[in-house]
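Here is a short report on one protein chain. Keep the structure open while reading.

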Amino acid sequence: MNFLNKIKSMDFKFLHRNIDVIKCLENNDKLWNVFSSPTTIKNGAKLVVDKTHVAALVSGGRLADMYSCGQHELVASNMPIFATLKGWKYNHTSPFEAEVYFINTATFHNQNWSTLYPFPLEDEKLKSVAIETSGTYSFCVKPNPSAFIENLIKDQEVDSQERWFNNFIIKRFRNYLETSGVDLLSIVKEPHRFSNDLMLTLKNDLLDFDIILDEFQIDNFTVYKN
């Protein structure tokens, strides 16, 4: 056999290697980690989920399935999302493209939130002002956080837990100040007293995203006169 024929007869499986084991190797101080590979996932691959996580398989921007703690076999024929794909080859035995979202379900304590810059506000007494505020919160994600994952899939601009919560809290806080008619100077004097009122609003809204708010505090509230 000449050299050219020898090359043609070689098995280049390493050029078509598929992922056969998926596991979250990141540390546990992040709310979510996304496994995304340039290669395909082997049909029948093993998914390993530790006790502090749930995992979600996402394909084509859609939630395909969710997995709790343990070892799971990823079989495309068992997932309705792949059954609807046209042109699926080899009777659902071929590799497939997907991402795996690992969501941390542990409780996150003493997280910080704050305004990135003072935001403008019209007040009945003080007229035009700017608000700067900050505080802490504690939370956890529900064991089956499909709504949270769906939101992550849609909102690709959010790249961290801190940014997601900061945007969420400040938006609700601003709406609370605009609609409640609360005395701004009273919040300046006793920010902790108003934490409970705002926490009720935040807690109800966060439940829509499968997030449980355990604690919320306003530590600083500053009003600047324009």
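## The main core

This is a predicted model. Its largest nonpolar core holds 44 residues. Ile-103, Phe-139, Leu-177, Ile-211 and Phe-216 make the most contacts inside this core. Helix H4, residues 161–180, supplies the largest share, with eight residues.

## A separate core

Another core lies apart from the largest one. It has 17 residues, among them Ile-41, Ala-45, Leu-74 and Val-100.

## The four-stranded sheet

Four strands form an open sheet in the order E2-E7-E4-E5, and the pairing is antiparallel. Strands E2 (32–35) and E5 (62–67) are the edges, each pairing on one side only. From one strand to the next, the twist averages 25°. Helix H3, residues 146–154, packs on this sheet. H3 touches E2, E4, E5 and E7 (99–104), and its direction makes about 140° with that of E5.

Now the pairings. E2 and E7 are antiparallel and share four bridges. Here Phe-35 has Val-100 in E7 as its bridge partner, and Val-100 is also among the residues of the 17-residue core. E4 and E7 pair over six bridges, again antiparallel. His-53 sits opposite Asn-104 of E7. Strand E4 (residues 53–59) joins E5 through five bridges, also antiparallel. In this pairing, Leu-57 faces Asp-65 of E5. How many residues of E7 are buried? Five of its six are, which leaves E7 mostly covered.

Which residues of H3 are buried? They are Phe-148, Ile-149, Asn-151, Leu-152 and Ile-153. An α-helix has 3.6 residues a turn, so residues three or four places apart point the same way. The cover over the buried residues of H3 includes the sheet strands E2, E4, E5 and E7. Helix H4 and strand E11 (211–225) are also part of that cover.

Is Lys-154 buried or exposed? Lys-154 belongs to H3. Its relative accessible area is 70%, and the cut-off for exposed is over 50%, so Lys-154 counts as exposed. Arg-62 is 92 residues away from Lys-154 along the chain, yet their C-alpha atoms are separated by 9.3 Å.

## His-72 and its surroundings

His-72 is part of strand E6, residues 70–74. What lies 2.7 Å from a polar atom of the His-72 side chain? The backbone oxygen of Ser-68 does.

Beyond its neighbours within four places in sequence, His-72 contacts Ala-45, Lys-46, Leu-47, Val-49 and Tyr-67. One of these, Ala-45, is a member of the 17-residue core.

Key
Residues are numbered from 1 along each chain as its sequence is written. This is a predicted model: local features need pLDDT of at least 70, side-chain atom pairs count only at pLDDT 80 or more; totals for chains, interfaces and linings use all residues. Side-chain values use heavy atoms; hydrogens and water are left out. Helices (H or I, at least four residues) and strands (E, at least two) are DSSP runs, numbered from the N terminus. A polar contact is a pair of N or O atoms within 3.5 Å; within protein, one must be able to donate a hydrogen and the other to accept it, and residues adjacent in sequence count only if both atoms are side-chain atoms. Contact means heavy atoms within 4.5 Å. Two strands pair if DSSP finds at least two bridges between them. Axes are lines fitted to C-alpha atoms, for helices over the stretch in contact, and angles run from 0 to 180 degrees between N-to-C directions. A nonpolar core is a set of buried Ala, Val, Leu, Ile, Met, Phe, Trp, Tyr and Cys residues joined through side-chain atoms within 4.5 Å. Buried means under 20% relative accessible area, exposed over 50%, partly exposed in between (1.4 Å probe, protein chains only).
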